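Trainee: I am new to this structure and would like to learn how to read it one feature at a time. Could we look at it together?

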Amino acid sequence: MKRFFSILVLLATMSFMACAQPSFAKQFKGKTGYSCVTLSKAALRMMPLQDKMGVNVGSVADKLDRLEIVKANTPQASKHLKSVCEQWIETDGFEDFIDVDEEGEQASIFIKTSDEQNVFLMLAVEDGETAVIILYGKMTVEEMRGIVK
């Protein structure tokens, strides 16, 4: 019985680890109409502390597991990306963080926190184009506020 329990715990842990860091961008890679970029933990550590656009990812790079960017390049892909992203937000327990709607540009940031990993997701729609930026890691909400000044 002890051995059975140990195997069960091992299998549960393995399946949890496989699901702990799903890749949103993976479902769009290689498909027509989408551009995808994934930066690993190692690549994020190489980022400067402050880039020219005021984004300060380098300040929390040691707490990030990865960064994913998906951009739709056609109107049909844009609609699909927005729909898939909104479905993920709704079904996976994301909370509203910041919402901006200004002159045809919409940008919303959602957060999902847990003991294992936090996920910060930005959904931006401008002139019919959709882009999604996702940060995975153990950074806090306060640290996230400091990324964009």
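This is a predicted model: local features need pLDDT of at least 70, side-chain atom pairs count only at pLDDT 80 or more; totals for chains, interfaces and linings use all residues.

Trainee: How many bridges join strand β4 to strand β5?

Mentor: Strand β4 (residues 105–112) and strand β5 (residues 118–126) run antiparallel and are joined by eight bridges. Across this pair, F110 stands opposite L121 in β5.

Trainee: Which residues have the most contacts inside the largest nonpolar core?

Mentor: A core is read by asking which residues make it up and which elements they come from. The largest nonpolar core has 20 residues, and those with the most contacts inside it are F24, L81, W88, L121, V132 and I134. Two or more residues come from each of β2, α3, β5 and β6, and the largest share, six residues, is given by α3. If neighbours within four places in sequence are left aside, W88 is in contact with F24, F94, V119, L121, I134 and Y136. There is also a second, separate core of eleven residues, which includes L44, L64, L67 and V141.

Trainee: How many salt bridges does the structure hold?

Mentor: For a salt bridge, look at the two partners, then at where each sits in the chain. The structure holds five, and one of them joins K41 to D65, with the closest N and O atoms 3.8 Å apart. This pair links distant parts of the chain, since K41 belongs to helix α2 (residues 41–45) and D65 to strand β2, 24 residues apart.

Trainee: Are R66 and E68 buried or exposed?

Mentor: Both R66 and E68 are buried, and they form a salt bridge whose closest N and O atoms are 2.9 Å apart. By contrast, K82, which forms a salt bridge with E86, counts as partly exposed at 27% relative accessibility, and E86 is also partly exposed, at 37%. K82 and E86 are four residues apart in helix α3, which means that about one helical turn separates them.

Terms used: Residues are numbered from 1 along each chain as its sequence is written. Side-chain values use heavy atoms; hydrogens and water are left out. Two strands pair if DSSP finds at least two bridges between them. A nonpolar core is a set of buried Ala, Val, Leu, Ile, Met, Phe, Trp, Tyr and Cys residues joined through side-chain atoms within 4.5 Å. Buried means under 20% relative accessible area, exposed over 50%, partly exposed in between (1.4 Å probe, protein chains only). Contact means heavy atoms within 4.5 Å. A salt bridge is a side-chain nitrogen of Lys or Arg within 4 Å of a carboxyl oxygen of Asp or Glu.
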